[in-house]
Every structure is written in structure tokens, then in C-alpha cells.
Amino acid sequence: MLGAAPLFAQTRPRVAITMDDVRWQNIPEGRRAEAEERLLTHLHKTRAFLFAVGQCVDNPHGAAILRRWSAAGHRIGNHTYRHQALLGKITAEEFEADILRNEDVLRGYPGFRKVFRFPALKEGQTRELRDRFRGFLAAHGYRNGAVTIDASDWYYDQRLLARVQAEGGGFDVRLYRKPYLDHIWDRARFYDQLSRDVLGRGIPHTLLIHYNLLNSLFLGDLLAMFRSKGWDVIDAEEAFSDGVFTRQPDTAPAGESLIWALAKETGKFEDRLRYPGEDDVYEKPVLDRLRL
């Protein structure tokens with residue numbers, strides 16, 4: 001058709017929720033039960049992937065969380081037992097043992113799938129380490145639970161918790177709602193446009209957020225935001241079925257968002273890529289300016 005937009009431009013953006021860590025211990029005890037209930041309630045229309053850290057769930061309370069998420073149809077992935085990032089403080093042998101130790105914790109849950117997410121999205125500082133871990137995961141039947149939309153919700157939660165702990169029930173947690181949603185929307189637009197520029201098409205995105213107080217408060221608003229802006233919220237397992245998640249970018253250090261790494265690999269997007277892709281240093285000035 002004359003004047004028709006390219007096919008990739010017509011594709012509605014899609015996003016799936018992937019949630020890391022399951023650090024239920026960090027949610028204030030007085031808010032914990034409600035927060036855990038709200039997290040599941042927010043996701044009642046979609047199926048997420050919960051990447052569990054073994055030491056967070058290797059206990060009765062954590063086990064109960066995984067049973068409830070499995071029963072609700074969500075998937076559970078491996079995020080190592082101790083959540084030690086590959087930044088030189090853990091040996092390759094220790095890291096591999098940590099993956100298998102966590103598998104022992106998770107394999108009994110119906111929702112468990114052999115999908116692995118690297119702590120802090122660090123996949124090896126050198127090509128040799130990167131390739132070693134890629135081979136290890138393949139040999140043990142794992143695929144990489146890569147992130148396409150990276151973000152710093154953990155830092156917003158960290159700041160929120162500090163205010164709640166300092167001011168107690170007198171602090172209005174709703175003050176974090178708009179800054180948090182603005183942050184996620186900014187990052188979503190960035191990575192979606194980058195994916196279209198690098199790949200020539202829209203992809204089903206996997207958004208990285210965390211099991212925390214912040215998302216217990218605002219995840220429902222976040223999902224509503226995406227839908228109101230024309231995005232489809234899809235199941236995480238559906239997103240991971242896209243061929244882009246089989247890509248293994250040739251970058252070192254390896255990691256960050258999969259889209260970041262694919263852009264880095266081309267050498268054509270240096271003016272748009274920062275390292276690390278996301279971190280508190282980018283968000284601290286925003287929250288400081290807002291006095292949050």
C-alpha cells in the first residue's frame with residue numbers, strides 16, 4: 001500500500017513481567033503479608049517469571065511464596081543460591097556450584113523451568129568466562145532468561161524503604177508512584193526504540209523488576225500504564241519463545257540488557273549506550289531533586 005509504514009513500525013509493543021530475587025525479608029514485617037498478597041493480585045491477568053535467589057526462599061516462608069506463585073501459574077527461574085555477581089569476587093567453579101545448589105532448592109516446584117538469570121545481569125568479564133558459562137548452562141539444559149528492558153526499580157525501593165523506616169506510618173508512600181512510573185516508561189521507550197533500530201522489528205520485551213515493597217504498591221499502576229499507552233502485557237513464557245532470546249552477543253564484559261548487548265555488538269550505537277546500562281548513579285539525582 002502506498003505510504004504504508006514499515007511492518008516493524010506497525011507492531012504493537014509487548015512487555016512481560018520478570019521479577020527477581022524474592023527478598024521477602026526486606027519488606028517491613030508490618031507490611032509484608034499485604035505486600036505479598038498485592039504482588040500476586042497485580043499479576044492476576046498475566047503470568048510472570050519469578051527468578052528466585054536460593055538463600056531467600058530456602059526457608060518455610062520463601063517456600064510458601066513459591067508454592068503460591070506456582071499454583072497461580074507463574075514460572076520460577078534460577079537466579080543462583082547466593083546472588084553473587086560475576087565481578088571478580090567469585091570463582092567460576094563457585095558460580096557454577098551456586099547455580100546447581102539453587103536448582104536443588106527450586107526443582108520441586110511445579111512452576112520451575114530451566115531458565116537462568118545472571119545476578120546483576122553480569123555474564124562474564126572476559127570472553128573466556130562468558131563462553132564457559134554459556135557452555136555450562138547449555139550442558140545442564142538451561143536457557144538464558146535475558147532482560148530486554150533493564151531498570152533500577154531496586155534503587156527506588158531502597159530509597160522508599162529508607163523513608164518508611166525513618167518516618168514510619170506518617171510517610172506518604174504514594175509520593176514514589178509517579179517518579180517510579182516515569183522511570184520505567186522512560187526505560188521502556190528507550191529499549192523498545194533501540195530494539196527496533198538494531199533488529200528492524202519490535203520484539204516481546206522482558207521487563208526486569210524486583211519482588212519488593214515498591215512493586216507491591218505500584219505494579220498494578222505500572223501494568224495499567226503500559227496498557228494505556230498501547231502496549232500489550234503478555235505472559236513471560238510467551239515472550240521468551242521469541243527467537244531473539246537465543247541470540248548470544250559477542251561482547252565483553254558480557255551482560256546488561258540483551259538489547260544493549262546486541263546494539264553494542266554492532267559498534268553503531270556507541271552514542272546511545274552507557275555503561276552500566278542502568279544503575280543508581282543515574283537515578284540518584286532524580287530522587288534527590290524530588291527530595292525523595
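**View 1. Helices α5 and α6 in the predicted model.** Helix α5 (residues 92–106) and helix α6 (residues 127–139) have axes that come within 11 Å and cross at roughly 25°. Angles under 35 degrees count as roughly parallel, so α5 is roughly parallel to α6. The crossing of these two helices is right-handed. On the α5 side, the contact is made by Ala-92, Glu-93, Phe-95, Glu-96, Ile-99 and Leu-100. Leu-129, Arg-132, Phe-133, Phe-136 and Leu-137 make it on the α6 side. Sorted by class, the contact of α5 with α6 has eight nonpolar, no polar and three charged residues.

**View 2. Helices α8 and α9.** Helix α8 (residues 177–199) packs against helix α9 (residues 213–228) at an angle of about 50°, and their axes are 10 Å apart. This angle makes α8 oblique to α9. The crossing of α8 and α9 is right-handed. From α8, the residues Arg-177, Tyr-180, Leu-181, Ile-184, Trp-185 and Ala-188 take part. They meet Leu-214, Asn-215, Phe-218, Asp-221, Leu-222, Met-225 and Phe-226 of α9. The residues of this contact divide into ten nonpolar, one polar and two charged.

**View 3. The largest nonpolar core.** This core has 91 residues. Those with the most contacts inside the core are Ile-17, Trp-69, Tyr-211, Leu-222 and Phe-226. Helix α9 supplies the largest share of the core, nine residues.

**View 4. The surroundings of Phe-226.** Not counting residues up to four places away in sequence, Phe-226 touches Val-15, Ile-184, Trp-185, Ala-188, Leu-207, Trp-231 and Val-233. Among these, Ile-184, Trp-185 and Ala-188 are in α8.

Terms used. Residues numbered from 1 in each chain as written. Predicted model: local features only at pLDDT ≥ 70, side-chain atom pairs only at ≥ 80, totals over all residues. Heavy atoms only, no water. Axes fitted to C-alpha atoms, helices over the stretch in contact; angles between N-to-C directions. Helix = DSSP H or I, 4+ residues; strand = E, 2+ residues; numbered from the N terminus. Parallel < 35°, antiparallel > 145°, perpendicular 65-115°, else oblique. Left-handed = near helix turned anticlockwise from the far one by under 90°. Contact = heavy atoms within 4.5 Å. Nonpolar A, V, L, I, M, F, W, Y, C, P; charged D, E, K, R; others polar. Core = buried A, V, L, I, M, F, W, Y, C linked by side-chain atoms within 4.5 Å. Buried < 20%, exposed > 50% of the residue type's maximum accessible area, 1.4 Å probe, protein only.
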